[in-house]
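Subject: Structure handover

Hello,

Please find the structure below, followed by notes on what was found in it.

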Amino acid sequence: MENKIKMAVLVFMLTLPFFIHAQSSDFGNWLIYIGNKKINSKWNIHNEVQYRNYNTISDLEQLLLRTGVGCSFNENKNNLLLGYGYILSENYIDNSENKQSINEHRIFQQFISKQQIGRLALNHRYRFEQRFVEDEFKMRFRYFLGFNLPFKTNSKWYLSAYNEIFLNSKSNVFDRNRLYGGLGYMFNKNIKFEAGYMNQFFETSSRDQFNIIAFITF
């Protein structure tokens, strides 16, 4: 049964992007790498790359590079991190075929709190961002609530879901909300992969994405 599940997930992941492309859909695709380098039992270095597309790996929407230094405490149930991010956005102008490149430098502080309720793992993340978008300065608060649930005890397969809300510090306080659900496979304690669907909605619009995520600790 487990081998059949693996094969079904692999076929789904390989064929969905081509199906989306063939349908000329606005369905976006995000390829995400999230890494964590442990310096010792207390300190860690976060590293992250996200390659976001308007469709299937052929129309760049955003390239995000993020890193930071974190400190864990409370038996690794909590982590404080100070980080920096660089974001290149390729935005369409007035629904035309023309694009505008926007550079953003971002400083952020975050606090992560982990909980375990039976087999269900909960992850709370509070992030405060100072954003330098070209010549404009912005601030934003984000709250992320994630869930991981193994199919059964000691199973390498698990279900993943999260919701994250973004709030601005000035007018138009609501920025966006992301709702995600996916399927993950843990190769070992240091490597896991996920594939899933995410809906991102704004004040007056929304977009859908198919996300493929790699988590690596080294």
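Helices (H or I, at least four residues) and strands (E, at least two) are DSSP runs, numbered from the N terminus, and two strands pair if DSSP finds at least two bridges between them. This is a predicted model, in which local features need pLDDT of at least 70 and side-chain atom pairs count only at pLDDT 80 or more, while totals for chains, interfaces and linings use all residues. Residues are numbered from 1 along each chain as its sequence is written, and side-chain values use heavy atoms, with hydrogens and water left out.

Overall fold

The eleven strands close into a barrel, S1-S2-S3-S4-S5-S6-S7-S8-S9-S10-S11, with mixed pairing. On average, neighbouring strands of this sheet are turned by 20° against each other, direction ignored; the axes are lines fitted to C-alpha atoms, for helices over the stretch in contact, and angles run from 0 to 180 degrees between N-to-C directions. Of the 218 residues in the chain, 39% are buried (buried means under 20% relative accessible area, exposed over 50%, partly exposed in between, with a 1.4 Å probe and protein chains only). Among contacts between residues at least 6 apart in sequence, 43% join residues at least 24 apart, a contact being heavy atoms within 4.5 Å.

Strand pairs and turns

Strand S2 (residues 43–53) pairs with S3 in the antiparallel sense over eleven bridges, and Tyr 51 has Leu 63 in S3 as its bridge partner. In the loop between S3 and S4, Glu 75 has a positive phi near 55°. Glu 75 counts as exposed because its relative accessibility is 70%.

Strands S6 (residues 120–133) and S7 (residues 136–150) run antiparallel and are joined by 13 bridges; Phe 132 is partnered by Phe 137 in S7. The two strands form a hairpin with two residues between them, and Glu 134 in the turn has a positive phi of about 55°. Glu 134 is partly exposed, because its relative accessibility is 45%.

S7 also pairs with S8 (residues 157–168), again antiparallel, over eleven bridges. Leu 145 has Asn 163 in S8 as its bridge partner. This hairpin has six residues between its strands, and Asn 154 in the turn has a positive phi of about 70°.

Gly 83 lies in strand S4 and counts as buried because its relative accessibility is 7%. Gly 83 and Thr 67 are 16 residues apart in sequence and 5.5 Å apart in space, C-alpha to C-alpha. Beyond neighbours within four places in sequence, Gly 83 is in contact with Thr 67, Gly 68, Arg 106, Ile 107 and Phe 108.

The second largest pocket

The second largest pocket holds about 1200 Å³ of space. The closest to its centre of the 39 lining residues are Glu 61, Gln 62, Asn 91, Arg 176 and Phe 202. On a 1 Å grid over the protein atoms alone, a pocket is an open set of points where a 1.4 Å probe fits, with protein on both sides within 12 Å along at least five of seven lines, and lining residues have an atom within 4 Å of a point. Grid points are joined across faces, edges and corners, and a volume is the space filled by probe spheres set on the points.

S7 gives the most to this lining, with six residues. By class, the lining has eleven nonpolar, eleven polar and 17 charged residues (Ala, Val, Leu, Ile, Met, Phe, Trp, Tyr, Cys and Pro count as nonpolar, Asp, Glu, Lys and Arg as charged, and the others, Gly among them, as polar).

Regards
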